[in-house]
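Trainee: I would like to learn how to read the inside of a protein model. Could you take me through one, feature by feature?

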Amino acid sequence: MASIAPIITFKAGICDFDTSSNPPKIHPKPTPGYLYLYEGQDDELIHFCWRPRSASLRDPELDLVMVPSDGSFKPYQTSQGDGSSKKSPTNGRIFTLKFQSSSARHLFWLQSKTQHAQGDLGWFSPRDLKLGEIVDQLLQGEQVNVQEALNNLPSDQGGQNDDDDSGDRMEGVRRESQSGAAENLASGDPFIGDPSNEGEGSREGGADGGRA
């Protein structure tokens, strides 16, 4: 079986989009997860994947083969006041994966803790926005030096607390036991490769790669 070498990996959860309510509601699922992208060895196309952190790198729940420029990865946000500050209209940081070729969409919430000084769960830091920009550029088929881009991610203003955001205060989330999966995890920073580079090698074997 061909090896998988993720281009970038970061903590994110999946969301349900409830269109039966008015207005529609986003319900983030509490399962701790990883969102990662890799280039297929056979098709040379970007694979956009999500898996629970308890699952193997080779066993994602979501594995989408992305045609260049068909998909986009954008923050779900609104401008505040003079437009200089961006935040989510929800009480979590949501990114949306959309397609030119269909009406399908997938929503993901960032599971590293907010870096807002007052703990605003819906505030996108410059670091969050730059991370989304890197993913979007990869989906457009652009050549991105990911290691350099990760090294140059902006420093957040609210401190260096990279623990998980449990999502407990987000609408629609129930607190559920994850057998300790969401506890005592290492940094929430994005990185190249798989979580074996994030101090989780004892639990899963992953691809090689450099930590951001």
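This is a predicted model: local features need pLDDT of at least 70, side-chain atom pairs count only at pLDDT 80 or more; totals for chains, interfaces and linings use all residues.

Trainee: Which residues have the most contacts inside the largest nonpolar core?

Mentor: In soluble globular proteins, nonpolar side chains tend to be buried together. A nonpolar core is a set of buried Ala, Val, Leu, Ile, Met, Phe, Trp, Tyr and Cys residues joined through side-chain atoms within 4.5 Å, where buried means under 20% relative accessible area, exposed over 50%, and partly exposed in between (1.4 Å probe, protein chains only). Here the largest such core has 29 residues, and F48, F73 and F108 have the most contacts inside it. Its largest share, five residues, comes from α1; helices (H or I, at least four residues) and strands (E, at least two) are DSSP runs, numbered from the N terminus.

Trainee: How many aromatic pairs are there?

Mentor: Rings of Phe, Tyr and Trp (its six-membered ring) pair if their centres lie within 6.5 Å, and planes under 30 degrees apart count as stacked, over 60 as edge-to-face and the rest as tilted. By this rule the count comes to five. One of them is the tilted pair of F48 and F73, 5.8 Å centre to centre with 55 degrees between the planes. F48 lies in strand β4 and F73 in strand β6, so the pair ties together parts that are 25 residues apart in sequence. F73 also forms a tilted pair with F108, at 6.4 Å and 50 degrees, and both F73 and F108 are buried.

Trainee: How many residues does α1 have?

Mentor: The expected span of a helix is 1.5 Å times one less than its number of residues. α1 has 14 residues and reaches 20 Å from its first C-alpha to its last, close to the 20 Å expected. Its buried residues include L131, V135 and L138.

Trainee: Where does Y76 lie?

Mentor: Y76 lies in the loop between β6 (71-75) and β7 (78-80), and Y76 is partly exposed, with a relative accessible area of 36%. Although Y76 and I94 are 18 residues apart in sequence, their C-alpha atoms are 5.4 Å apart in space.

Definitions and conventions:
Residues are numbered from 1 along each chain as its sequence is written. Side-chain values use heavy atoms; hydrogens and water are left out.
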